[in-house]
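Start with the model itself, then follow the helix pairs.

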Amino acid sequence: MSTTLQGKVAVVTGAGAGLGAAYAVALAQAGAAVVVNDAVEAAARSTVEAVEAAGGRAVAVVAPVGSAETAQQLVDTALAEFGGFDVLVTNAGILRDKSLLKMSDDDFDAVLAVHVRGTFSCVRAAFASFKERGVPGRIVTIGSPTGQRGNFGQTNYAAAKAAVVGMVRTWALEMKKAQVTVNAVVPVAATAMTRTIPYFTAAVEAMDAGEPIPSFYRQDLGFGTPEDVAGLVVFLASDESAGISGQVLGAGGDRLQVWSHPEPVLTVHHEGGWDAETIAGQFAPTLRENLQSVGERFPELPADLVRPQA
């Protein structure tokens with residue numbers, strides 16, 4: 001089997017650094033020409049240079065995602081610069097972390113504008129192009145463990161990433177006839193955000209020193225470098241992923257995962273329906289035995305990986 005992207009053209013949003021840059025370079029190394037999008041010009045240019053240094057072809061589009069105009073600009077640039085458009089990776093995102101009572105309307109709206117509207121507008125423009133040209137395109141959106149399980153201080157981010165997964169499941173139904181696939185990748189990798197978390201300090205130290213990330217992180221936690229996630233993105237962008245759509249796939253370190261779609265874990269019936277008193281008397285005890293966990297639960301760090309906190 002071959003996952004070559006020779007002759008393909010990809011657009012990657014938020015590709016100026018971190019995971020997005022890793023995706024862009026990996027797609028280029030697999031043979032694709034890449035439209036590198038970022039809101040920061042220097043960052044976008046840096047990734048273009050990295051792609052070219054790896055022997056690939058790339059062009060930058062400097063603009064924040066969200067508007068229909070930016071989405072169409074990305075499609076038009078791919079077609080004008082490289083004569084085609086086959087793959088969209090919607091990686092652009094921002095954080096405005098605050099607990100609920102400290103989170104402003106602007107904090108909430110800004111995150112949803114980039115993650116949700118940015119994904120929506122870019123996917124809409126891409127699908128229109130794929131369908132019009134009869135191209136069995138590939139769309140890879142980016143989710144997060146926070147969107148799957150929640151995380152303290154990330155109301156806006158959790159809402160946005162959960163929305164991305166909901167849209168993916170809907171789009172998979174709408175795009176099936178056109179043979180366009182759409183999936184969500186849930187990455188777990190060393191990024192600017194994880195650098196601030198003491199739990200990951202030993203892993204970040206190793207990566208900065210050019211040393212292997214300890215196996216505890218790669219194996220037990222599924223945590224690694226941005227490049228560890230890029231292989232899944234390349235696969236989903238390739239012809240080999242035909243028929244795989246509407247899925248939520250986790251990637252990090254040495255681990256790949258398929259996230260389940262929500263299903264009931266408990267179903268009970270009561271003839272005549274359920275009033276509040278019947279629920280309290282007959283259902284609540286069973287409910288309490290089946291409560292689902294929320295948030296990420298990390299295993300205890302091995303002693304040799306614990307670092308003193310400042």
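## Helix packing

Helices α3 and α4 lie oblique to each other. This is a predicted model. α3 covers residues 68-82 and α4 covers residues 105-133; their axes cross at roughly 40 degrees and come within 8 Å. The crossing of α3 and α4 is right-handed.

On the α3 side, the contact uses Ala68, Ala71, Gln72, Leu74, Val75 and Leu79. α4 answers with Ser121, Cys122, Arg124, Ala125, Ala126, Ser129 and Arg133. By class, the contact of α3 with α4 has eight nonpolar, three polar and two charged residues.

Helix α1 has two packing partners described here, α2 and α9. The α1 helix spans residues 18-29, and α2 spans residues 41-53. Their axes are 9 Å apart, at an angle of about 30 degrees. α1 is therefore roughly parallel to α2. Their crossing is right-handed. Ala21, Ala24, Val25 and Ala28 of α1 meet Thr47, Ala50 and Val51 of α2. Six of these contact residues are nonpolar, one is polar and none is charged.

α9 takes up residues 226-237. Its axis and that of α1 come within 8 Å and cross at roughly 50 degrees. α1 is thus oblique to α9. This crossing, too, is right-handed. From α1 come Gly18, Leu19, Ala22, Tyr23, Ala26 and Leu27. From α9 come Pro226, Glu227, Val229, Ala230, Val233, Val234 and Ala237. The contact of α1 with α9 holds eleven nonpolar residues, one polar and one charged.

| Pair | Angle between axes | Axis distance |
|---|---|---|
| α1 and α2 | about 30 degrees | 9 Å apart |
| α1 and α9 | roughly 50 degrees | within 8 Å |

## The whole chain

The protein has ten helices and eight strands. Its C-alpha atoms fill a box of roughly 65 × 55 × 45 Å along the principal axes. The radius of gyration is 21 Å; a compact globule of 310 residues would have one near 19 Å, so the two agree.

An unreviewed UniProt entry places the feature "domain: Ketoreductase" at residues 8-187. That span is 53% helix and 18% strand, and its end C-alpha atoms lie 24 Å apart.

Key:
Residues numbered from 1 in each chain as written. Predicted model: local features only at pLDDT ≥ 70, side-chain atom pairs only at ≥ 80, totals over all residues. Heavy atoms only, no water. Axes fitted to C-alpha atoms, helices over the stretch in contact; angles between N-to-C directions. Helix = DSSP H or I, 4+ residues; strand = E, 2+ residues; numbered from the N terminus. Parallel < 35°, antiparallel > 145°, perpendicular 65-115°, else oblique. Left-handed = near helix turned anticlockwise from the far one by under 90°. Contact = heavy atoms within 4.5 Å. Nonpolar A, V, L, I, M, F, W, Y, C, P; charged D, E, K, R; others polar. UniProt positions renumbered as here; feature names shortened; annotations may be inferred. Rg over C-alpha atoms; globule rule 2.2 N^0.38 Å.
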